[in-house]
Amino acid sequence: MCRQAYPGRRPGHSETNSTTETRDYAQRRDRTGGTGSGSRESPSDDLSALRSRINIPSVVEVSRVQLVRRERSSHHITDRIDRIRKEKKVNICIQPGGDGVLMASTTPTASICTVGGNASGTTMSSEETVEVVIPLVKSITNLTFRNLSFSVPQRPNDPGSGGEDRKHLLRNISGTLKSGRLTAILGPSGAGKSTLLNILSGFRTQGVSGKILINNELVDCHKYRQLVAYMAQDVPLLGNLTVRETLHYVADLRLSKNVSYIHKTKIVNDIVTLLGLDKCSHSLARVLSGGERKRLSIGLELVSNPKIMFFDEPTSGLDSVASYQVIAYMRDLARQGRCVASVIHQPSSELLELFDDVYVVADGRCMFQGSLDELIPTLEEVGFTCPPYYNRADFVLKIASQRHGDVDSVEKLIARADTAINGFLEHDATNGEDTASVLATSRRTSAQYPICWWRQFVVLTRRTMLGTVRNITLTRFRLLGHLLFGLTIGSVFYDVGDDATKVLSNVSCLILFLMFIVFSNAMTVVLTFPLEMAVFMREHKSNYYPVSAYYWSKIIADFPLMLLGVTCFQLIVYYLTGQPNETHRVTMFWGVCALFGWLAQMYGMVAGSIFPIDVSPFVVPASIIPAVLFSGFFIRYKELLAAYRPLTYVSYFRYGFEGLAQASYGFNRTELACGEMFCYYRKTAKIMEMLQMERDRYWYDVAGLAVWISVLHVLLYASLRLRLRWNR
């Protein structure tokens with residue numbers, strides 16, 4: 001293969017402008033064996049089209065691929081081209097293009113290519129040319145962390161605690177992650193690898209001491225989140241969205257409002273092609289395989305083109321082929337100039353070869369940091385000799401796991417690594433103030449999010465409504481349940497609403513009415529909302545949107561479906577049970593039902609946000625029973641003990657039950673029909689007296705329900721904040 005040095009960048013020419021002004025080689029006329037060379041289009045003719053070009057690489061199996069890449073050196077390009085040549089079985093010749101770019105075209109293996117002139121004997125296919133743009137980040141981004149320490153409380157009498165009240169997970173650990181290199185973080189279980197990654201990603205900040213620097217400078221915590229992307233071991237996804245929809249919504253939330261829809265679509269298409277998700281791009285996330293979910297998780301972070309990327313065991317649960325593909329994609333990301341680090345658990349020799357650097361953690365301390373080629377020589381210097389044909393990763397893990405072996409040699413390695421790292425860091429002076437926190441305090445000099453709050457709210461509402469409509473539990477079963485149960489109650493209590501001899505049956509129908517509304521709306525939400533909470537927490541920590549935008553979008557998006565179900569149920573039961581056919585009474589009855597459904601949905605959200613999914617289905621019914629008990633149906637207010645009577649004023653079932661009774665029998669309703677000689681409850685005043693309810697208190701009951709709904713709204717917002725605080 002031929003190699004040509006990379007021409008320098010024009011002075012004052014930014015990375016963004018360089019990318020957008022790259023000539024569109026894909027538009028150049030193909031050369032065939034019997035035709036002329038063809039003419040190249042003028043750069044000014046297609047400049048507008050180039051401004052929407054995406055900085056995401058796309059690898060497609062074709063007969064000729066053009067690679068346009070900006071690099072500070074050419075060896076990164078050749079590494080990528082070597083891999084493509086082996087996989088596609090083609091020869092690749094690198095030729096100087098124009099404006100400081102390299103053009104690499106692939107040809108059949110039998111062809112010959114030269115540098116600096118026309119290819120002699122080269123036969124190019126006439127098929128469509130697919131361009132692969134491999135961009136670089138705007139500048140070099142090196143991450144340095146100094147003396148990071150983190151501990152968690154423990155009981156001194158616990159086994160293995162050694163009498164200490166705190167367990168130290170990280171002990172003054174330091175290191176540097178370099179731009180353009182893929183770093184493997186190795187270590188035995190419990191060494192502190194995931195803890196280190198959580199701190200470096202900015203997801204964990206409380207109880208951490210030390211410093212995290214970007215290019216030897218302290219960075220604002222909000223700005224740091226914009227630079228860093230973190231993929232945990234199991235990234236939660238919205239299962240009712242397709243792969244493309246998931247990426248589109250992330251693009252809407254993370255890209256500036258100035259980015260057009262066509263440009264966003266181009267970004268999504270290139271990410272799908274790059275990560276090999278074409279076959280499943282229209283599949284729902286819940287049916288994806290493990291490897292597809294991992295690749296989609298990487299794609300979510302690629303949308304915003306981050307400079308620093310962290311991965312926590314990306315190969316867990318994957319087979320060898322899928323693992324190699326994922327690590328290969330990560331290596332490509334590092335070659336584009338990003339700083340990429342990954343915790344890897346027992347990698348094979350083939351996987352380990354894809355990494356450039358190794359960072360070994362042992363008992364919360366750094367045992368080795370350096371290139372992969374330096375690992376074995378360093379171990380040999382302190383007396384550890386790796387057997388022939390032995391996996392280097394397994395060998396270093398065996399050494400790091402020693403608790404009763406050659407401890408002195410392990411301590412020598414740790415001391416040697418600390419000396420080397422500290423010696424390297426001493427040459428750099430920190431530019432910035434000395435602060436007590438890991439990251440610099442936010443000054444809010446610029447916008448924290450790329451789009452405004454209203455735009456975030458619209459995007460989240462649209463996404464939530466789409467997911468809700470596709471959720472069988474929240475839509476089909478919920479509506480079907482309202483319709484079927486409405487017909488059942490209506491047929492059982494048929495025409496009891498205007499019969500004075502069936503007043504008690506009608507009162508029972510009212511309380512059953514409320515119980516179905518609260519259980520059907522609260523339980524469906526409490527079973528689905530905890531699953532969305534994991535997605536909310538990941539996206540908020542990744543700086544997608546604030547809590548308030550998600551909070552209001554969730555309330556607004558779920559409200560129409562709840563209102564539709566309650567309305568259908570109310571109308572069916574109301575007319576089948578023979579309630580008064582008066583417009584104002586129908587409206588009053590519907591108002592109480594709508595408020596009660598709203599209250600039940602908020603109740604389920606609050607329980608789902610506070611308790612895990614295996615606890616909340618028990619908490620909700622158990623907490624509803626006391627409210628039903630003090631509603632005034634099972635035992636009247638004056639018959640309660642004096643100590644229990646105040647509880648009736650905090651029972652939302654009392655306000656709902658009283659409101660329905662007022663709508664049915666209050667406001668001077670005429671006498672009920674009587675099919676017997678004497679009906680004691682023919683006059684509605686007698687019914688209200690029997691229930692021990694004051695007449696015309698409908699708006700008092702509405703106000704009581706409104707207060708409960710307001711309190712639940714506050715509790716929901718507070719619970720979202722608390723969940724974020726608990727997971728810092």
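Author: Two strands pair, in the sense used here, if DSSP finds at least two bridges between them, and both helices (H or I, at least four residues) and strands (E, at least two) are DSSP runs numbered from the N terminus. This is a predicted model, in which local features need pLDDT of at least 70 and side-chain atom pairs count only at pLDDT 80 or more, while totals for chains, interfaces and linings use all residues. Residues are numbered from 1 along each chain as its sequence is written, and side-chain values use heavy atoms, with hydrogens and water left out.

Reader: Which strands stand at the edges of the open sheet of 4 strands?
Author: The 4 strands of this open sheet follow the order β6-β5-β8-β9, with antiparallel pairing. One side of two of these strands is left without a neighbour in the sheet, because each has a single partner strand, and those edge strands are β6 (166-177) and β9 (217-218).

Reader: Which residue of β9 stands opposite I214?
Author: Strand β8, residues 208-214, pairs with β9 in the antiparallel sense over 2 bridges. Opposite I214, the residue in β9 is E217.

Reader: At about what angle does helix α4 run to β5?
Author: Contact means heavy atoms within 4.5 Å, whereas axes are lines fitted to C-alpha atoms, for helices over the stretch in contact, with angles that run from 0 to 180 degrees between N-to-C directions. Helix α4 (residues 193-200) lies across β5 (143-153), β6 and β8, and its direction relative to β5 is about 120 degrees.

Reader: How far apart are the end C-alpha atoms of helix α6?
Author: The expected span of a helix is 1.5 Å times one less than its number of residues. For the 12 residues of α6 (residues 243-254) this should give 16 Å, which agrees with the distance in the model between the end C-alpha atoms, 17 Å.

Reader: Which helices are included in what covers the buried residues of α6?
Author: Helix α6 is mostly covered, since 11 of its 12 residues are buried. Among these buried residues are V243, R244, H248, Y249 and R254. The elements that cover them include α5 (221-227), α7 (261-274), α8 (290-302) and α14 (453-470).

Reader: Which residues does S520 touch, not counting residues up to four places away in sequence?
Author: S520 lies in helix α16 (residues 503-541), where it is buried, with a relative accessible area of 12%. Its side chain reaches the backbone oxygen of I517 at 3.2 Å, within the limit for a polar contact (a pair of N or O atoms within 3.5 Å; within protein, one must be able to donate a hydrogen and the other to accept it, and residues adjacent in sequence count only if both atoms are side-chain atoms). Leaving out residues up to four places away in sequence, S520 touches R478 and H482.

Reader: How many residues apart in sequence are the parts that R335 and D356 tie together?
Author: A salt bridge is a side-chain nitrogen of Lys or Arg within 4 Å of a carboxyl oxygen of Asp or Glu, and a search of the whole structure finds 21 of them. In one, the side chains of R335 and D356 meet at 2.9 Å, N to O. R335 lies in helix α9 (residues 320-335) and D356 in the loop between α10 (349-352) and β13 (357-362), so the separation in sequence of the parts they tie together is 21 residues.

Reader: Is R585 buried or exposed, and with what relative accessible area?
Author: The side chains of E582 and R585 meet in a salt bridge at 2.9 Å, N to O. E582 counts as partly exposed at 29% relative accessibility, whereas R585 is buried, with a relative accessible area of 1%.

Reader: In which loop does Q692 lie?
Author: Q692 has a positive phi of about 55 degrees although it is not a glycine. It is partly exposed, with a relative accessible area of 23%. Q692 lies in the loop between α21 (684-690) and α22 (698-726).

Terms used
Buried < 20%, exposed > 50% of the residue type's maximum accessible area, 1.4 Å probe, protein only.
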